[in-house]
Amino acid sequence: MKRLKAARTETGADPVQRHRFLNRIRSALNHPNSGRGAPAAAHATSKAGPHHQGAAGARPCGRPEELLQRLQEAAAELNIHLSLHDSPASAGRCMAAMITRKAPPRNGRREVAIWRHPLVARLELPQRLAGAAITCRTTAAADRTYATRRRFYRDLEAAAVGVTSADYCLADTATLVMRSRPGQPRSVSLLPDIHAAVIEAGQLLPDFSRLCRLLSSGADEGKRGLTHCMTLISGPSKTADIEAVMVEGAHGPRALYLYVILAAPIDAPQPETSGKPRTTS
Amino acid sequence: MAEVRRRYRTIGDPVLQGALANLQHRLGPAAAAAYQALPEGPALRQRAHAIRAKAIADLDVLLAELADRITRRGGHVFFAADAAEAVAYCLETARRHRVKLAVKGKSMVTEEIGLNAALTAAGIETVETDLGEYIVQLAGEHPSHIIAPAIHKTRAEIGRLFAAKLNIPLTDDPPTLTRAARRALRKKFLTADMGITGVNLACAATGHIALLSNEGNIRMATTLPRVHVAFMGMERIAAQLTDHDILLRLLARGAAAQKMAGYISYIGGPRQPGHTDGPESFHLVIVDNGRSRILADRTFREILYCIRCAACLNVCPVYAKIGGHAYGSAYSGPLGAVLTPLMKGIRRASDLCLGESLCGACRAACPVDIDIPRMLLALRSCLAEGDRYWQIRPLNPLAGRLCDIWSWIVSDRRRYDAALACARFCQLLLPRKNGMLHRLPPPFSGWTSSRDLEPLARRPFLRRCSRQPRRHREAPESGADRNRS
Amino acid sequence: MTGAHAKLPKARHPVSFFVPCLVDAFHPGVAAGVVTVFKRLGIPLDCPPGQTCCGQPAYNSGYRRQARRAAQHFVRVFENADAVVCPSGSCVQMVRHHYRLLFADSPSWLARSRRLAERTFELSEYLVDILGVKALGARCTLRLTYLDSCHLLYGLGISRQPRQLIDHVRGTVRVEMRDSQRCCGFGGAFAVRYPEISSAMLADKLDNIAATGAEAVVGCDIGCLMHIAGMARRRGLALHVLHIAQLLAARGRGDLIHG
């Protein structure tokens with residue numbers, strides 16, 4: 001009996017406990033304690049009302065140039081190093097130069113961690129950085145045990161820069177939106193000192209409202225949903241906990257570089273297909 | 001609570017007052033401007049209020065939906081009736097997974113249930129990782145502000161603390177101190193077995209919890225360790241993602257006048273096959289701990305709409321003078337002044353109910369437009385008149401009797417005039433200085449501790465009205481108020 | 001008389017004057033100022049002699065039963081008025097926002113108090129928003145600063161109207177103080193029960209007033225003004241504390257400031 005109870009606790013699915021908990025809420029919602037002055041905006045306890053679309057839905061999406069303009073303003077506010085490029089090659093050159101300039105050696109080696117992602121692959125970072133004796137580690141899409149995960153994080157710690165892409169970028173707040181996929185660990189955008197991200201202009205959305213509507217629509221994106229983990233990143237990690245002095249680089253990256261590729265070539269892969277792990281190295 | 005009573009009546013030291021004044025000047029007006037700059041305008045706060053009201057009215061349905069979705073992804077959901085159950089579940093989970101080190105993200109509800117002390121007592125090293133919380137933990141104290149937990153500490157104090165505890169050279173440079181904490185905590189993140197966080201807001205329709213931070217510590221705690229336990233007060237849920245859009249944008253503006261929190265993590269379960277990051281074991285603990293009792297009372301249900309942004313702390317003039325510790329619970333400021341009495345006892349926390357000037361700045365600052373002054377008044381009437389539901393007797397029956405007499409007097413002008421005449425006679429006995437009353441007897445002596453009081457005028461204005469023979473209701477113009485008795 | 005007055009229709013229904021109990025008992029001069037202002041506007045002012053108190057002191061301490069009794073008296077006295085004007089934001093907030101909570105359980109009193117609440121106005125609100133008057137022909141050479149009272153500002157959303165009225169008083173120079181929207185720490189019984197917190201808030205307010213270099217502080221709520229005057233006098237400061245009605249009635253500096 002005790003073991004059964006313990007097992008239930010582990011699964012957290014003790015139906016009795018859950019039932020009791022929710023019943024307490026139900027009876028509270030129907031409690032006759034309304035004799036005293038209720039707030040003016042008293043509401044009915046109707047269940048699961050219609051999901052309404054907000055006024056935000058009426059806002060225009062914005063043309064690409066407009067979105068870029070908004071992105072530039074937001075990036076400047078957040079100290080994001082934003083650069084616009086005509087081609088992946090140009091972005092790759094620029095990023096390689098930044099890495100060569102900024103990446104300090106760790107334990108005598110210079111390393112960069114990069115996502116297994118088609119757009120990132122087209123930056124050709126390994127070739128570009130070989131001359132500067134900087135090693136690129138591409139993340140593999142392997143099912144990991146806890147022990148191999150620890151090793152992965154230890155290696156990632158040695159990388160000075162983490163290179164990722166993103167699912168979307170919200171122009172108004174310069175927010176990168178990343179959903180969890182094999183080969184694209186969220187730790188790459190977290191553990192290294194510098195986070196460099198590359199996106200195509202077509203991945204720009206106007207704002208958070210648009211993202212929320214997109215993800216809750218019935219269309220493809222709505223069905224795919226948020227996955228089991230979705231991360232939104234707006235600028236480098238920061239804190240103001242000591243006398244309200246703003247310091248960048250609290251626990252995560254101290255700098256964020258964002259490379260936007262404006263004209264997507266015809267053979268550019270859709271961001272959705274990037275989710276499927278491929279073997280490129 | 002006797003300690004609270006003393007502290008609540010005492011203002012903080014000048015350093016604390018200075019720090020809080022700076023914080024309020026930086027964040028209070030900035031949040032107001034941020035609401036103004038919303039594309040939908042500041043009226044979005046009222047829409048957010050309606051969204052919260054609806055979510056609370058549907059709470060049972062939404063929680064069941066959330067739990068089902070998380071369970072389907074392989075997560076565990078535990079419904080804890082009180083603090084003891086929530087703590088016991090966490091300890092049991094830690095024991096099962098042989099946890100030795102836990103890293104924590106900032107969480108008000110774990111402060112409320114006293115989780116840290118229980119974990120430490122069970123031999124589990126528990127490290128706060130939000131920089132402010134870390135400072136406070138190293139100093140052996142408790143946070144004094146929801147989003148700026150170490151606001152009561154100066155950089156010099158923090159420098160000395162870090163020099164002693166982290167073995168670094170003495171400095172008071174915030175960037176250097178931040179880097180020192182980063183180095184120390186990075187080691188903890190990489191070796192921790194368990195990550196413990198709160199929940200800013202869950203989403204029932206998608207089955208996720210949303211966690212906000214600027215430092216990245218919460219991302220660390222939810223990405224690296226092999227177990228993640230998230231605690232949420234049962235009211236912290238919204239029906240759908242489009243509600244999150246409105247609430248999270250307002251939350252970031254109310255908390256720090258930001259357009260968007262630096263990091264938002266939506267977590268819906270443990271690591272999936274083929275993925276690198278995330279815990280093998282994910283647990284969501286939904287905590288009641290007195291909330292359903294509040295839920296049942298329409299008068300106070302509105303406090304459950306709170307999304308813990310601390311905007312009210314950033315404008316409250318009383319909080320600015322006494323600081324967060326004076327409130328004697330995890331929840332300080334105007335929010336705490338309503339929530340703490342309801343959770344810990346209205347009579348025990350009577351100072352929290354009575355010790356506000358009811359200025360209303362908190363309501364104007366609240367991103368979800370919670371009428372905190374209304375609830376403070378309702379708490380006061382529980383204290384004054386007693387309340388069956390909250391099982392309290394009147395705090396001061398004698399004051400109630402005196403108030404009865406007052407109401408008898410004011411419901412008739414002749415009685416009122418007689419009472420004023422009587423008061424005017426009594427004030428002849430009081431000492432004066434420069435024409436002002438200098439010292440009043442108890443219970444009014446508080447006023448004259450630092451202020452004089454003008455004496456009652458020789459004749460009330462309305463006496464002059466009624467003495468006019470013919471058009472007696474026409475108000476007289478002449479006579480300044482300089483003719484004092 | 002300025003041009004604004006000429007536009008005013010002369011014959012009007014009388015306005016009922018709701019005299020706040022603190023004004024009645026401590027500062028009859030403020031009420032006299034209101035009378036002067038309405039006389040100049042040519043609007044008859046009716047002053048119901050039976051009025052006492054709106055009930056706020058009891059209500060703010062949680063004594064709703066007793067507050068209700070005072071409120072019922074108030075409603076009986078004023079319910080036949082066309083418009084009620086009161087030189088206090090705090091009292092108007094009580095009538096406009098709190099009566100409906102106080103009478104939530106009594107439909108008939110709720111209806112009566114609602115009707116009254118719709119017709120009750122704060123002085124500066126009535127002058128600027130209802131009458132559309134800003135210039136009242138007042139004169140006073142004075143450097144002053146305006147104090148936002150909390151119930152006026154947060155409760156009724158009034159901050160523009162008093163400033164406009166002050167700016168139309170000939171000879172005045174108005175300077176904004178820092179943190180004008182911050183509470184002075186009065187709060188009725190709060191000032192007596194928590195003197196240390198209240199005094200600390202008040203001291204900040206006096207510092208902010210002093211920093212403007214103003215000779216006078218002008219406000220719309222006598223409670224806040226008495227609070228400020230109380231500490232100013234205790235500290236021996238040469239600060240004049242004035243209600244806006246006094247300023248609007250003034251025909252020269254001598255009407256307000258002596259010695």
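Visitor: What makes a residue pair between chain B and chain C count as a polar contact, and how many are there?

Guide: The term requires a pair of N or O atoms within 3.5 Å; within protein, one must be able to donate a hydrogen and the other to accept it, and residues adjacent in sequence count only if both atoms are side-chain atoms. Between chain B and chain C, 32 residue pairs, both at pLDDT 80 or more, are in polar contact. On the side of chain B that touches chain C, helix H20 (residues 397-410) of chain B gives the largest share, nine residues; helices here are DSSP runs of H or I, at least four residues, and strands are runs of E, at least two, numbered from the N terminus.

Guide: This is a predicted model, in which local features need pLDDT of at least 70 and side-chain atom pairs count only at pLDDT 80 or more, while totals for chains, interfaces and linings use all residues. Residues are numbered from 1 along each chain as written, chains are lettered from A and ligands numbered from 1 in the order written, and side-chain values use heavy atoms, without hydrogens and water.

Visitor: Why is the pair C:Arg64 and B:Glu385 called a salt bridge?

Guide: A salt bridge is a side-chain nitrogen of Lys or Arg within 4 Å of a carboxyl oxygen of Asp or Glu. Across the interface of chain B and chain C, the rule finds five salt bridges.

Visitor: How do you know how much area chain B and chain C bury?

Guide: Buried area is the accessible area (1.4 Å probe) that two parts lose on being put together, summed over both. For chain B and chain C this comes to about 6500 Å², with 58% on carbon and sulfur atoms. The contact (heavy atoms within 4.5 Å) takes 81 residues from chain B and 71 residues from chain C.

Visitor: What makes chain C a chain of two domains, and how many salt bridges join them?

Guide: The bounds come from an automatic or database domain assignment, which divides chain C into domain 1 (12-128) and domain 2 (135-254). Across their interface the rule finds zero salt bridges, but eight residue pairs in polar contact, both at pLDDT 80 or more.
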